[in-house]
Every structure is written in C-alpha cells, then in structure tokens.
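Open the model in your viewer and keep the selection tool at hand. The stops below say what to select and what to look for there.

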Amino acid sequence: ILVGQETFGKGSIQAIYPLKDGSTLRITTAVWLTPDRQRLDGVGLTPHRVIEALPGQDAALDAALNVLREMIE
C-alpha cells in the first residue's frame, strides 16, 4: 500500500563519476519497476491513500503507521 503524495516518475538510479577534465560521466545502473514490472520513468505512482503535506508535521508517516496497525489487527 502506497501512502503519501503522487510521485513524479523518477525511474532510474545513476552513478556519477567525476573526470579529470572537470566533466562527469553518468551511468544508469538500475531502474525502478512496479511489482508487475512496469517502468516508473515519467509516469510516477498514485498512492492508495493520498496524504497532503503539512508544514511541521509528518502526516504521511502517521498515515503509514495507521495502515500498518490496520494490517496487524
């Protein structure tokens, strides 16, 4: 169960290597996939429970803890 806000679709993991001339080499080392093996890049995920971010509070953490409590009860 995904709790929080919709993601923006960053679906890859990159390693960054600085080169002697000051430039960098970026290599994609992995990609994020959904459980049914769909790529996330550019698509993102919509949470099962959308929680709005509130300044000074971690509403998503509280909601996620409630989901876990519901699952074990």
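A salt bridge here is a side-chain nitrogen of Lys or Arg within 4 Å of a carboxyl oxygen of Asp or Glu. Side chains of opposite charge can pair when their charged atoms come close. This is a predicted model, in which local features need pLDDT of at least 70 and side-chain atom pairs count only at pLDDT 80 or more, while totals for chains, interfaces and linings use all residues. Residues are numbered from 1 along each chain as its sequence is written, and side-chain values use heavy atoms, with hydrogens and water left out.

**The salt bridge**

Select Arg 49 and Glu 70. These two form a salt bridge, with the closest N and O atoms 2.8 Å apart. The pair links distant parts of the chain, since Arg 49 is in strand 4 and Glu 70 is in helix 1, 21 residues apart. Helices (H or I, at least four residues) and strands (E, at least two) are DSSP runs, numbered from the N terminus. A search of the whole structure finds 1 salt bridge.

Are the two partners buried or exposed, or something in between? Arg 49 is partly exposed, at a relative accessible area of 33%, and Glu 70 is partly exposed as well, at 46%. The terms are set as follows: buried is under 20% relative accessible area, exposed is over 50%, and partly exposed lies in between (1.4 Å probe, protein chains only).

**The whole chain**

Along the principal axes, the C-alpha atoms fill a box of roughly 55 × 35 × 20 Å.

Buried residues make up 19% of the 73 residues. Among contacts (heavy atoms within 4.5 Å) with a separation of 6 or more, 46% are between residues 24 or more positions apart. Switch to a surface view: the chain exposes about 6100 Å², and carbon and sulfur atoms supply 57% of that area. Accessible areas come from the Shrake-Rupley method with a 1.4 Å probe; for residues, only the protein chains shown count as cover.

**Strand 2, from Ser 12 to Pro 18**

Select strand 2, residues 12-18. Ser 12 counts as buried, at 16% relative accessibility. Leaving aside neighbours within four places in sequence, Ser 12 is in contact with Thr 28, Ala 30, Val 31 and Trp 32. A polar contact of 3.2 Å joins the side chains of Ser 12 and Lys 10. A polar contact is a pair of N or O atoms within 3.5 Å; within protein, one must be able to donate a hydrogen and the other to accept it, and residues adjacent in sequence count only if both atoms are side-chain atoms.

Pro 18 is also in strand 2, but this residue is exposed, with a relative accessible area of 69%. Not counting residues up to four places away in sequence, Pro 18 touches Ser 23 and Thr 24.

**The loop between strands 3 and 4**

Next, select Thr 34, in the loop between strand 3 (24-31) and strand 4 (49-50). Thr 34 is buried, at 17% relative accessibility. Which residues does Thr 34 contact, leaving aside its neighbours within four places in sequence? They are Leu 40 and Leu 45. Thr 34 and Leu 45 are 11 residues apart in sequence, with their C-alpha atoms 9.1 Å apart. The side chain of Thr 34 also makes a polar contact of 2.3 Å with the side chain of Asp 36.

Arg 37 lies in the loop between strand 3 and strand 4. Arg 37 is exposed, at 64% relative accessible area. Most residues other than glycine have a negative phi. Arg 37 has a positive phi of about 70° although it is not a glycine.

**The nonpolar patch**

Finally, select Ile 1, Leu 61, Leu 65, Leu 68, Met 71 and Ile 72, which make a nonpolar surface patch of about 650 Å². Patches are made of residues with over 30% relative accessible area and no salt bridge: like charges are joined within 9 Å, nonpolar side chains (Val, Leu, Ile, Met, Phe, Trp, Tyr) within 5 Å. Met 71 is in helix 1, residues 59-72, and is exposed, with a relative accessible area of 56%.
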